[in-house]
Amino acid sequence: MEKVLLLKNVLEQMRQVDQKGEAVPFSLEWRTWNNQNKMGGRLLKADNAILCFRLENNKVKNWEKVLSQKQQPRKRKKPNHHDNYTRNIELHDHSIVKVNVLTITKFNGIEVVY
């Protein structure tokens, strides 16, 4: 039987930190998604990616990179990642990508099921 991971376990593993408080890198494979015409697209892969998040004790880890990408002052809405099923992922080239968690197909080489 082939090994599979539940999406709930994937999201928990994405938030893992090591003893230094740094995010643990992972590999991810997901499909692009166009919400306007409800169609999927390309299969994308990322190795050594990390989750951009704010820790519970208000220490900022990887989040300042997300905030520093937009230099122009503008009114921003709250991203509501939990409600919209999205997460910000930092790739190995330090670019930030928003991923819909429902389109994740593989995590660390293991198939993801819902």
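Contact here means heavy atoms within 4.5 Å, and axes are lines fitted to C-alpha atoms, for helices over the stretch in contact, with angles running from 0 to 180 degrees between N-to-C directions. Helices (H or I, at least four residues) and strands (E, at least two) are DSSP runs numbered from the N terminus. The model is a predicted one, with local features needing pLDDT of at least 70 and side-chain atom pairs counting only at pLDDT 80 or more, while totals for chains, interfaces and linings use all residues. Residues are numbered from 1 along each chain as its sequence is written, and side-chain values use heavy atoms, leaving out hydrogens and water.

Starting with the overall layout, the protein has three helices and nine strands, and from the N terminus they run β-α-β-β-β-β-α-α-β-β-β-β. Of its 114 residues, 32% are buried, where buried means under 20% relative accessible area, exposed over 50%, and partly exposed in between (1.4 Å probe, protein chains only). The protein exposes about 8,500 Å², with carbon and sulfur atoms supplying 50% of that area; such areas come from the Shrake-Rupley method with a 1.4 Å probe. Among contacts with a separation of 6 or more, 54% are between residues 24 or more positions apart.

Now for the sheet. Seven strands make an open sheet with mixed pairing, in the order E1-E9-E8-E2-E3-E6-E7. Strand E1 (4-6) and strand E7 (96-100) take the edges with a single partner strand each, so one side of each has no neighbour in the sheet. Direction ignored, neighbouring strands of this sheet are turned by 35° against each other on average. Two strands count as paired if DSSP finds at least two bridges between them.

Going through the pairs, E2 and E3 run antiparallel and are joined by seven bridges, with Asn34 having Met39 in E3 as its bridge partner. Four residues separate the two strands in this hairpin, and Lys38 takes a positive phi near 55° there. On another flank, E2 is joined to E8 by three bridges, again antiparallel; here Trp30 has Ile104 in E8 as its bridge partner. Strand E8 (residues 104-107) in turn pairs with strand E9 (residues 110-113) over two bridges in the antiparallel sense, and Phe107 stands opposite Ile110 in E9.

Helix H1 (residues 7-14) lies across E1, strand E2 (26-34), strand E3 (39-51), strand E6 (86-90), E8 and E9, and runs at about 80° to E1. Leu7, Val10 and Met14 are its buried residues. Seen down the H1 axis, these fall within an arc of 55°, so they line one face of the helix; the arc is that of the directions from the helix axis to the C-beta atoms. The cover over the buried residues of H1 includes E1, E2, E3, E6, E8 and E9.

What about the core? A nonpolar core is a set of buried Ala, Val, Leu, Ile, Met, Phe, Trp, Tyr and Cys residues joined through side-chain atoms within 4.5 Å. The largest one has 20 residues, of which Met14, Phe26, Leu28, Ile89, Ile104 and Phe107 touch the most other members. H1, E2, E3 and E8 each supply at least two residues of this core, and E3 gives the largest share, four residues. Leaving aside neighbours within four places in sequence, Phe26 has contacts that include Met14, Ile89 and Phe107.

Arg87 is found in E6 and, at 18% relative accessibility, counts as buried. Beyond its neighbours within four places in sequence, Arg87 is in contact with Leu11, Leu51, His81, His82, Val97, Lys98, Val99 and Val101. Leu91 lies in the loop between E6 and E7 and counts as buried at 16% relative accessibility. With neighbours within four places in sequence set aside, Leu91 is in contact with Ala46, Asn48, Ala49 and Val97. Leu91 and Pro25 are 66 residues apart in sequence, and their C-alpha atoms are 9.5 Å apart in space.
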